[in-house]
Amino acid sequence: MVFHPDQEWLDDVRSLEGYIKSELNVQNVIFTSDESTSGVRYRAVADWPVLGRKLRKDIGRVKNGLPKVSSDAVKEYVKTGKLVVDGIELVEGDLTVQRYLELPESATEKYATHTDNDVVVRLDIQVHPGLMGQWLAREMINRVQKLRKKAGLQATDDVDVFHKFETGEGEDLKVAMEEHQEMISKTVRSVPKDVSHRQPHQKVLIEEEQEVAETKFVLSLAHP
């Protein structure tokens with residue numbers, strides 16, 4: 001979930017949705033400016049040395065009272081530029097407003113959240129078996145693409161891709177390659193096969209050890 005109060009900003013960043021899905025291996029991205037449904041809250045922070053020079057002896061009252069100010073009051077400060085803390089009026093420029101998400105204790109293992117004080121992001125960090133397979137397939141694609149580049153191949157150059165795992169290793173990767181053959185083939189033009197399928201006449205262009213999800217294996221490219 002991506003929150004920003006400006007709908008125009010959200011419309012602009014929506015063009016990155018495909019990139020976000022690919023890089024973070026997520027299936028859905030929600031762009032919203034609705035604070036009530038997203039759970040976005042407001043808090044105010046101060047540059048205490050600067051504010052202290054302005055308020056002098058009253059700075060202690062503000063420092064003690066500011067954490068108690070409600071999210072709604074801080075949100076109103078954004079609109080009006082005025083906020084009263086323990087009887088002391090603060091004006092625009094005295095405080096910096098931050099937007100954030102306050103996750104309940106029960107949700108901290110399910111979600112992670114971050115903010116730059118303007119944009120707020122919440123990410124589902126649970127491990128989903130289906131998405132794990134997609135991630136493994138994408139990691140394999142990434143290794144093949146890097147190997148193709150290292151071999152000096154062009155995007156239109158066809159090569160066969162082979163892998164070699166130690167006995168009993170890499171089962172999750174093999175299953176992921178099998179389940180996502182179409183995605184892999186569409187991206188790198190060839191689905192990796194076991195090295196036993198490589199024919200004697202095929203010239204190996206490059207061969208290197210790789211690692212995905214703590215599993216090491218050898219990946220090679222050869223002329224068809």
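Angles of 65 to 115 degrees between directions count as roughly perpendicular. Keep that range in mind for this predicted model. Helix 7 and helix 8 pack at an angle of about 90°. The two helices are therefore roughly perpendicular to each other. Their axes lie 8 Å apart.

Which residues of helix 7 and helix 8 meet? Helix 7 brings Gly 133, Leu 136, Ala 137 and Met 140. Helix 8 brings Asp 172, Leu 173, Ala 176 and Met 177. By type, the residues of this contact divide into six nonpolar, one polar and one charged.

## A four-stranded sheet

Next comes a sheet. Strands of a sheet pair through backbone hydrogen bonds, either parallel or antiparallel. Here four strands make an open sheet in the order 10-9-12-11. The pairing is mixed. Strand 10 (193–194) and strand 11 (204–212) are the edge strands, and each pairs on one side only.

Strand 9 covers residues 160–165. Strand 9 and strand 10 run parallel, joined by two bridges. Take His 163 as an example: its bridge partner in strand 10 is Asp 194.

## Helices packed on the sheet

Helix 7 spans residues 129–150 and packs on the sheet. It touches strand 9, strand 11 and strand 12 (215–222). The direction of helix 7 makes about 145° with that of strand 11.

Helix 8, residues 171–179, packs on the sheet too. Its contacts are with strand 9, strand 11 and strand 12. The direction of helix 8 makes about 155° with that of strand 9.

## A hairpin

Now look at strand 7 (residues 111–115) and strand 8 (residues 120–124). They pair in the antiparallel sense, over five bridges. Ala 112 stands opposite Leu 123 in strand 8.

The two strands form a hairpin, with four residues between them.

## Thr 32

Thr 32 sits in strand 2 (residues 31–32). Is Thr 32 buried or exposed? Its relative accessible area is 12%. Buried means under 20%, so Thr 32 is buried.

Several residues touch Thr 32, even when those up to four places away in sequence are not counted. Among them are Met 1, Val 2, Phe 3 and His 4. Leu 10, Thr 37 and Ser 38 touch Thr 32 as well. There is also a polar contact: a polar atom of the Thr 32 side chain lies 3.0 Å from the backbone nitrogen of Asp 34.

Key
Residues are numbered from 1 along each chain as its sequence is written. This is a predicted model: local features need pLDDT of at least 70, side-chain atom pairs count only at pLDDT 80 or more; totals for chains, interfaces and linings use all residues. Side-chain values use heavy atoms; hydrogens and water are left out. Two strands pair if DSSP finds at least two bridges between them. Contact means heavy atoms within 4.5 Å. Axes are lines fitted to C-alpha atoms, for helices over the stretch in contact, and angles run from 0 to 180 degrees between N-to-C directions. Buried means under 20% relative accessible area, exposed over 50%, partly exposed in between (1.4 Å probe, protein chains only). A polar contact is a pair of N or O atoms within 3.5 Å; within protein, one must be able to donate a hydrogen and the other to accept it, and residues adjacent in sequence count only if both atoms are side-chain atoms. Angles under 35 degrees count as roughly parallel, over 145 as roughly antiparallel, 65 to 115 as roughly perpendicular and the rest as oblique. Ala, Val, Leu, Ile, Met, Phe, Trp, Tyr, Cys and Pro count as nonpolar, Asp, Glu, Lys and Arg as charged, and the others, Gly among them, as polar.
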